Amino acid sequence: MAARTLVDERALVLRAQDGDVAAFEVLVDRHQGRLFRIAYMVLHNRMDAEDVVQEALVSSWKRLHLLEEPSAFRNWVTQIASRAATNVVRKAARRSTEGVDQQALEDAGPESALGGATSRNVGQPERAALAGAQMEALASILQSTEENQRTCWVLCEIDGMSYREIAQMVGVSESTVRGRIARARSQILDRMKDWR
Amino acid sequence: MEHPDAHDRNGTHAADRVSGPSDRESDDEATQRYLDLIRSVHDEWTTLEAEGDSSVQLSATALSTIKEAVRADFRHGAHVEMPPTAAGPYTLSEQALRTVVRNAVDSVPGVIALRTTFDHEPPKGGHRTRGVPSRIRCRISAAAGDRDLLEVADEVRTAVIAACREHMDLTDLRVDIHIEDLHDN
């Protein structure tokens, strides 16, 4: 199948816009892990992150004809997913004046939020615990940052986007993005001191 | 530089405002730990994802749900009128039409179909269908090499016209080929 052998993302997007489902499935396979990482770091909840990525990818298929520049697919689908994740955070904050149950997050074991021990981890408990601990620690700390700061920080530090790309995606100036990321980073550094 | 035994007007010791060597070391250490953590998390996620570890990506169920939803949406697309047969008028899904054209383009060696657009005659049926296709514009990528691109375009055009005639009895059709990209074979 031609789509499966295509490496060039722009060609895949054009074929998907033409209605080639197989080409879109390649795009899904290619981006789902990255989008899940962003959503998980923003939400710190596996189920919510899965829902967000699912909705974002299905929505991107339905709106794909609106994407004028196929090579912009990566940032475009990231924008859809990150906005959806931010909306989930805002809705949760509105539902509860207590917001995220910080204590519950901090009490959660390192294996729980990422779906528990995997078959690969069974033979390597030390590595699995270390990986879980690092990811969990970072995701947990992030919950204490304001949601706009958190999203900018995740897009920058986790997804590797530039300030300019984030500014375009979030709809604010580059200096605002820089400020948000700096504040999030400062909070993370402060919280890291508490670990000792 | 920290002034020895310095207090400001508010009685705050200068060490609270100005970083001394030990503070700077502490800050440097904290920054290094921060950078190490970020790097470590990246490495771990990348490794786990490359190994197909289910804990750092969508579950198989979630992936399957996405693909099912896309295929269901695909099946519910618009319909296009075709030349009537002896059994009467009929329509074809736009996606089926696109698939026929895409397969025809892909059948030419070294050519990859990208995106195709259609012009239609005014529909004779309801407003929810599109009329008979009158013009097809195929955007394609051709293998970079020594083949003459005009020949490649002609070959693609011939393949598309033949497929449309064979599968849909579309005969009065203009087909434009636009070589938009070159790729390594």
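Reader: How many helices and strands are there in chain B?

Author: In this predicted model, chain B holds five helices and six strands. Followed along the sequence, these elements of chain B come in the pattern α-α-α-β-β-α-β-β-β-α-β.

Reader: And which strands of chain B make up the open sheet, and in what order?

Author: The open sheet has three strands, ordered S3-S5-S6 in chain B, and the pairing is mixed.

Reader: Which strands stand at the edges there?

Author: Strand S3 (111–120) and strand S6 (174–183) of chain B are the ones at the edges, and since each has a single partner strand, one side of each is left without a neighbour in the sheet. From one strand to the next, the twist averages 20°.

Reader: How many bridges join S5 to S6 in chain B, and do they run parallel or antiparallel?

Author: Strand S5 (residues 133–143) of chain B is joined to S6(B) by nine bridges, and the two run parallel. Within this part of the sheet, B:Ala143 stands opposite B:His183, which belongs to S6(B).

Reader: Which strands does helix H4 of chain B touch where it packs on the sheet?

Author: Helix H4 (residues 94–106) of chain B touches S3 and S5 of chain B as it packs on the sheet, and the direction of H4 makes about 140° with that of S3(B). Helix H5 (residues 149–168) of chain B also packs on the sheet, touching S3, S5 and S6 of chain B, with a direction that makes about 130° with that of S6(B).

Reader: What percentage of chain A is made up of buried residues, and what about chain B?

Author: Of the 196 residues in chain A, buried residues make up 44%, while for the 185 residues in chain B the figure is 24%.

Reader: And what part of the contacts joins residues at least 24 apart?

Author: In chain B, if one takes the contacts between residues at least 6 apart in sequence, 55% of them join residues at least 24 apart. For chain A, residues 24 or more positions apart account for 60% of the contacts with a separation of 6 or more.

Reader: Which domains does the assignment give for chain A?

Author: The domain assignment gives domain 1 (1–100) and domain 2 (124–196) in chain A. The contact between them takes 15 residues from domain 1 and 13 residues from domain 2 of chain A.

Reader: Which elements give two or more residues to the domain 1 side?

Author: On the side of domain 1 of chain A that touches domain 2, those elements are H3 and helix H5 (73–95) of chain A. The largest share, seven residues, comes from H5(A), and the residues of that side divide into six nonpolar, six polar and three charged.

Reader: Last topic: how many residues of chain A are in contact with chain B?

Author: The contact involves 38 residues of chain A and 42 residues of chain B. On the chain A side, the elements that give two or more residues are helix H2 (9–17), helix H3 (21–43), helix H4 (46–62), helix H8 (125–142) and helix H11 (174–195) of chain A.

Reader: Which of them gives the largest share?

Author: That is H3(A), from which eight residues of the chain A side come. The residues of this side that touches chain B divide into 19 nonpolar, eight polar and 11 charged.

Terms used:
Residues numbered from 1 in each chain as written. Chains lettered and ligands numbered in written order. Predicted model: local features only at pLDDT ≥ 70, side-chain atom pairs only at ≥ 80, totals over all residues. Contact = placed C-beta atoms within 7 Å. Helix = DSSP H or I, 4+ residues; strand = E, 2+ residues; numbered from the N terminus. Nonpolar A, V, L, I, M, F, W, Y, C, P; charged D, E, K, R; others polar. Buried ≥ 20, exposed ≤ 12 C-beta atoms within 10 Å, placed from the backbone. Domains from an automatic or database assignment. Pairing = 2+ DSSP bridges. Axes fitted to C-alpha atoms, helices over the stretch in contact; angles between N-to-C directions.
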